[in-house]
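Please look through the structure below before reading on.

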Amino acid sequence: MASDKSSTLTANEKRILLALNKVKSAGPQKLAAESGLQIDAAMQAAFLLAKKGLANIVEETIVLYSPTPEGELYARQGLPELRILAYAEGKPTPLIELKDAFSDKEISIALGWLKRKGLASIEKKGKEVIITPLKTHKKDPQEEVLRYLLAHHPETLTSYPSATIQELLGRDLIRCTERTSRVIAITNEGRKLARKGIEIEEDIGQLTPDLIRSGEWKKKPLRPYDIHAPSTRIFAAKKHPYQRLLDEMRQICLEMGFEEIKGNHIQASFWNFDALFQPQDHPAREMQDTFYLDSKGKLPGEYVQNVKEMHEHGGDIGSTGWGGHWSEELAKTNVLRTHTTAITIKYLADNPNPPVKAFCIGRVYRREAIDATHLPEFEQLEGVVMDEGVSFKNLLGCLVEFYHRVGFKDVRFRPGYFPYTEPSVEPEVYVPELGWIELGGAGIFRQEVTAPLGIEHPVLAWGLGVGRLAMLRLGLRDLRDIYAPDIDWLRRYPACQL
Amino acid sequence: MPVITLQYDDLKKLVGTDKDTILKHIPMIGADIERIEDTYADIEFFPDRPDLFSVEGVARAMRGFLGLETGLRKYDIRKSNISITIEKSVKPIRPCLACAVVRGLHFNSASIESLMALQEDLHWGLGRNRKKVSIGVHDISKVKPPFVYKAVDPNTEFVPLDFDKKMSMRAILKEHPKGVRFAHMLEGANRYPLIVDSGDNVLSFPPIINGTLTAVTEETTDMFIEVTGMDASVAMALNIVVTALAERGAKIESVEIISDGKSAFTPDISPTSRELSIGEVNSLLGLTLDAKQIARELEKMRFGATVKGDAIEVAIPAYRADILHNWDLIEDVAIGYGFDKFKPELPETATIGRAHPIEDRLALLREIMVGLGFLEVTTFTLTNERVHFDMMKRTQANVTKVKHPISEEHTMIRCTILPNLMGVLSRNKHVEMPQKIFEVGDVIVDSKDMQKLAGVSTHSTANFAEVKSVVESILGELSLEYEIAESNDPAFLEGRRASILIKGKIIGVFGEIHPDVILNFSLDHPVAAFEMEIC
């Protein structure tokens, strides 16, 4: 039997068996070194041996930990609760005193952990909060782990208590990745076979031009592959999934007969706000919501007087306007565009003859604090249709068609409010897991917007923030992930998941 | 946007139907349901409809929308024989004033709260945070008319709301929480506005705080309401408040406003009028309604509507702040008709789609880069000088800075993409090597948009030769004629860096990133990189 088996082994299998016989068990790297084979070839052979019952392959998943940037910081500086404990020097200390030496964030982190670790008591005395140290600072298990990881990461933490590891993960001070490793060991049967002596007869691993030309390949055994042996994972270079989504949106607009337009990120307030009949004292124009720049833009002379009249008293279209004084200086102030409508309205002013169907996908800016669903910059998509006799019913028609193509079968409409459209509408789409959700906004440009620019026919307009769609389509929970790329995530995200 | 809390008991009483019917239809008049609880719902209304910022106003609208009571709501108004004089002294500071008396109120804690919430929402919306409009409500039994609105010495003292001792107006601006918050509106003024009664008792210090004397409590049955501000929107705010109170059965009385020896009476709650043609309604909405139907929809929205041949005369209630133009009425016709009843129809407009050449170019570059084995990344265009220049060893250039950055991270718009890619490598230093990434996108140079392409490759043997192959391959695919020349870009290593020139103009740079820069980004592997303008 044994000799039968030996004769069916390929040369590489024999090399691995001999190597295993020597070391008993090994990981892929060691096995490759011992056998003189490449890792891939060594593993191929090991899997074949395993199939024949001559070797065992045990898969072992190990968890590797690395510190997060915050964790690295604390590994260097010390954890906030320990630093505060040291600062208090064993004496009861009012919270207010800490404010000079520590940030609010550090204090709020420290208070929770001082209590939880039993390092100090925290009491309210009148209006003051007093921190009384209960222990002097000894070795802190969390800090030990952080310092160890700072020097060694990524590394396993098998010798540290799992409670500490869980705490650090919970504090977002360390993160973990899993790595699967394999250990190959020789079986008793394998050892018996090896002891009998194995003679390595050269077989063909890699076909070469020489072997093909000479016909030599026919004379030697061709080593078979174990087709089920795992392959080395390689990653295709590809477009960002979010870009794929933007491309899809762009393709839909082009197929629907829209012309793509582009414009500058820096816009005078005139195009971003005034031309859209946003009153100059409107809250959206305040510093809190818009990124203003130091520079001033040029005003389009031909429209300035009309826009001024429209704001001040409603021009000659039977509008009341906003009243008050409209300032040219304010209109010149440059901003980072807060919506792509600044681009579409200028395009319509430059192309007032019907029909116009145009769309714009571009980065827009809002002065918002960053969190999972708010970013200071994101892509907006906007489409406009201007033609003689187009109506609200047609606007709804465009929206239904667009959302169908994006993949939402059911679309419904609710009244909405946007400062420059009337009527305005909020489309909602049905998502099986979530129910009806609001997606984008639409309306017909007010005459106060179109008339001063010489646009004589109704303009149907709709827009949406692509981020919201990205969250639905890419399964993102945090919009920041789009703009702070995780290479590993990008490599593993299938191109056709979208 | 204002979120209004609607208590079901109150709402049911005011509308006259069950809560489920109301909640089902409320989004269709223009509202977002924020939260539904056991006893109340929070509803967000749009900023152009301040008349819906109270439960009374919502009930009035819903009665119409549900067909329970349609058409123009009429309110009785009587004269109160109370007057208030506007002195010249206050005109340069806060010139406009509208007042009313409301009698026969039956407050409880909930309805007082609702009135305070309405006031706050009006301050925010119509009032632009009290700048244009601020409202004061007073228990009239505590004071003796006639009243005077004037500007006084900042040392004038009275007891403000929420305090129990006299304070000077100057001190209020420094110490009272409301004073601190709104003091900026009186900056530069050397006299402050004040409303007093015939015995010099203080009602209010507009737009900051009321006196404690006239505070409204559950015992208050008769109220004096004053609205001060900068323009005619004071009248609108007053109309919204008094008509909301009248919805609960209170009686509205007018006040004589005396100014420059002339007298006028507020509030004026007579409707204004507009003529709407059937043609303009149907052509904007894409419907074929007749005059009667249009009138019916308008009446559901609480307008008065009289058919006159091919037109409809519309009476607009004095509490509607959003009707600037006929299209505002047409939107209400559509809402009355029901957005859910429209049959969406694509426009017949025939056009041919056309891509923008720059976007096509970017798509081509993505294809080339992916073909060369580079993974695409996307990053913010907002960045800061430290990352953009200092960490790159580059000298600061003239860039687009934002005036009020929200954090130190985002103070300017990028003029190059390479620092962002270094940032991406820095965040991904534990990810398997080799890493090859690129980004193509907008940058701003000299205040103008421009597109650039940048790529980096990092692994233990990344070098100049590798990136030169990449750059030449890209330029070759683009069929561009180019020259390579020595570069002095300090982000790269001397002797291992080069400029790309097209027709003698530098359009890009490539080479090995300087080890100082690599360390600045907390990296340790060699980085070969390039960046070029898109042409």
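Predicted model: local features only at pLDDT ≥ 70, side-chain atom pairs only at ≥ 80, totals over all residues.

In general, nonpolar side chains of soluble globular proteins tend to be buried together. For a look at one of these members, take F402(A). Apart from its neighbours within four places in sequence, F402(A) is in contact with M249(A), I252(A), C253(A), M256(A), L381(A), W462(A) and L464(A).

The chains can now be taken one at a time. Chain A contains 22 helices and 17 strands. Its radius of gyration is 34 Å, whereas the globule rule gives 23 Å for 498 residues, so chain A is more spread out than a compact globule. Along the principal axes, the C-alpha trace of chain A spans about 105 × 80 × 40 Å. Buried residues come to 51% of the 498 residues of chain A. Among the contacts in chain A with a separation of 6 or more, 68% are between residues 24 or more positions apart.

Chain B has 15 helices and 27 strands. The radius of gyration of chain B is 33 Å, while a compact globule of 535 residues would have one near 24 Å. The box filled by the C-alpha atoms of chain B is roughly 95 × 65 × 50 Å along the principal axes. Of the 535 residues in chain B, 56% are buried. For chain B, 68% of the contacts between residues at least 6 apart in sequence join residues at least 24 apart.

Next come some helices of chain A. Two packed helices are described by the angle between their axes and by the distance between the axes. Helix α5 (residues 69–77) of chain A and helix α9 (residues 141–152) of chain A pack at an angle of about 105°, and their axes are 9 Å apart. Because angles of 65 to 115 degrees count as roughly perpendicular, α5(A) is roughly perpendicular to α9(A). On the side of α5(A), the contact is made by G71(A), E72(A), Y74(A), A75(A) and R76(A), and on the side of α9(A) by L146(A), R147(A) and L150(A). By type, the residues of this contact of α5(A) with α9(A) are four nonpolar, one polar and three charged.

Helix α20 of chain A, residues 466–474, has V466(A), G467(A), L469(A), A470(A), M471(A) and L474(A) as its buried residues. What covers these buried residues of α20(A)? The cover includes α13 (241–255), β12 (377–386), α18 (392–406), β17 (459–465) and α21 (480–483) of chain A. Just after α20(A) comes G475(A), with a positive phi of about 70°.

E167(A) lies in another helix of chain A, α10 (residues 162–170). With a relative accessible area of 25%, E167(A) is partly exposed. Leaving aside neighbours within four places in sequence, the contacts of E167(A) are W113(A), R116(A) and Q142(A). Q142(A) is 25 residues from E167(A) along the chain, and the C-alpha atoms of the two are separated by 7.9 Å.

The last stop is the backbone of chain B. Most residues other than glycine have a negative phi, and most peptide bonds are trans. Which peptide bonds here are cis? One of them runs from P145(B) to P146(B), with omega near 0°. P146(B) lies in the loop between β6 (133–139) and β7 (147–152) of chain B. Another cis peptide bond goes from P206(B) to P207(B), with omega near -5°. P207(B) is in the loop between β11 (202–205) and β12 (209–210) of chain B.

N81(B) has a phi near 65° and lies in strand β4 (residues 77–86) of chain B. N81(B) is exposed, with a relative accessible area of 78%. S479(B) has a phi near 55°, and its place is in the loop between α14 (464–477) and β24 (483–486) of chain B. S479(B) counts as exposed, at 65% relative accessibility.

Terms used
Residues numbered from 1 in each chain as written. Chains lettered and ligands numbered in written order. Heavy atoms only, no water. Axes fitted to C-alpha atoms, helices over the stretch in contact; angles between N-to-C directions. Helix = DSSP H or I, 4+ residues; strand = E, 2+ residues; numbered from the N terminus. Parallel < 35°, antiparallel > 145°, perpendicular 65-115°, else oblique. Contact = heavy atoms within 4.5 Å. Nonpolar A, V, L, I, M, F, W, Y, C, P; charged D, E, K, R; others polar. Rg over C-alpha atoms; globule rule 2.2 N^0.38 Å. Buried < 20%, exposed > 50% of the residue type's maximum accessible area, 1.4 Å probe, protein only.
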